[in-house]
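Subject: Structure for you to look at

Hello,

Here is the structure I promised. Please open it and keep it on screen while you read my notes below.

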Amino acid sequence: MAKISQDIDRLTNSIVNRYSGDSFDTDIVDLQIDDLKYLKKGWQFDWNKEFAIGNVYKLVIRHYPEVIQGLVSLIDKEDH
């Protein structure tokens, strides 16, 4: 299995622009089926498949909810 390397430099309750330092109020909301057509190529996951089998949530800036900043898929495996 491939390992993911990620450095966390700080925890925030919002999206922070790493160049300007500006902070934006952030919401995590259910991904809607219509959102799938706006996803660009290059994701490491098949979000159509994830949407069909689990709960997918999108991270958005509160005043610009049409621009997806990130996605997460959660699946209840019952035993873990």
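Asp27 sits opposite Val60, a residue of strand E3. Remember as you look that this is a predicted model. Another pair to find is Ile28, whose bridge partner in E3 is Leu59. In total, 5 bridges join strand E2 (residues 23-30) to strand E3 (residues 55-61). These two strands run antiparallel.

Now step over to E1. E1 and E2 also pair in the antiparallel sense, over 3 bridges. Val16 has Ser23 in E2 as its bridge partner. The two strands form a hairpin, with 6 residues between them. Check Gly21 in the turn: its phi is positive, about 85°.

Last, the core. The largest nonpolar core has 6 residues: Leu31, Leu36, Leu39, Trp47, Val56 and Leu71. In soluble globular proteins, nonpolar side chains tend to be buried together. Pick Leu71 and look around it. Leaving out residues up to four places away in sequence, Leu71 touches Leu31, Leu39, Trp43, Trp47, Val56, Tyr57 and Lys58.

Best wishes

Definitions and conventions:
Residues are numbered from 1 along each chain as its sequence is written. This is a predicted model: local features need pLDDT of at least 70, side-chain atom pairs count only at pLDDT 80 or more; totals for chains, interfaces and linings use all residues. Side-chain values use heavy atoms; hydrogens and water are left out. Two strands pair if DSSP finds at least two bridges between them. Helices (H or I, at least four residues) and strands (E, at least two) are DSSP runs, numbered from the N terminus. A nonpolar core is a set of buried Ala, Val, Leu, Ile, Met, Phe, Trp, Tyr and Cys residues joined through side-chain atoms within 4.5 Å. Buried means under 20% relative accessible area, exposed over 50%, partly exposed in between (1.4 Å probe, protein chains only). Contact means heavy atoms within 4.5 Å.
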